[in-house]
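Try each task before you read its solution.

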Amino acid sequence: MKVKVKFFAQHREAVGKSEIELNIEKTEGTTVARLYEALVAKYPGLAKLSRITLAVVNYNMVNEWEMVKDGDEVAFFPPMGGA
């Protein structure tokens, strides 16, 4: 299945790109967590960010157990702060 993945802030720096298209094997259990693991294998710099990573699928904040489907857009970023 094909998924569009966007990266922001430190995640973008770790990958060296703001966006990629990723073809991953479609399984019954393709979760955000498994997608992130696949990305860490390809971009090891993401490993150090895993504990602070937030995920959005199709513009909705999700947890790591959210299922990812063909054609989804997934974004990873660190928590944002502000005044």
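**Exercise 1: Contacts along the chain**

Task: Among contacts between residues at least 6 apart in sequence, what share joins residues at least 24 apart?

Solution: In this predicted model, start with the chain's contacts between residues at least 6 apart in sequence; of these, 55% link residues at least 24 apart. A contact here means heavy atoms within 4.5 Å.

**Exercise 2: Order of the elements**

Task: How many helices and strands does the chain have, and in which order do they run?

Solution: Count first: the chain holds two helices and five strands. Then read from the N terminus, which gives β-α-β-α-β-β-β.

**Exercise 3: Partners of strand 3**

Task: Which strands are joined to strand 3 by bridges, and how do they run?

Solution: Begin with strand 5 (residues 73-77): four bridges join it to strand 3 (residues 54-57), and the two run antiparallel. Within this pair, V57 has V74 as its bridge partner. Next take strand 4 (residues 60-62), which is antiparallel to strand 3 and joined to it by three bridges. Here A55 lies opposite V62. Finally, look at the hairpin of strand 3 and strand 4: two residues sit between the strands, and N58 takes a positive phi near 50 degrees.

**Exercise 4: Overall dimensions**

Task: Why does the radius of gyration agree with a compact globule?

Solution: For 83 residues, a compact globule would have a radius of gyration near 12 Å; the chain has 12 Å, so the two agree. As for burial, 37% of the 83 residues are buried, meaning under 20% relative accessible area.

Key. Residues are numbered from 1 along each chain as its sequence is written. This is a predicted model: local features need pLDDT of at least 70, side-chain atom pairs count only at pLDDT 80 or more; totals for chains, interfaces and linings use all residues. Side-chain values use heavy atoms; hydrogens and water are left out. Two strands pair if DSSP finds at least two bridges between them. The radius of gyration is taken over C-alpha atoms; the globule rule is 2.2 Å times the number of residues to the power 0.38. Buried means under 20% relative accessible area, exposed over 50%, partly exposed in between (1.4 Å probe, protein chains only).
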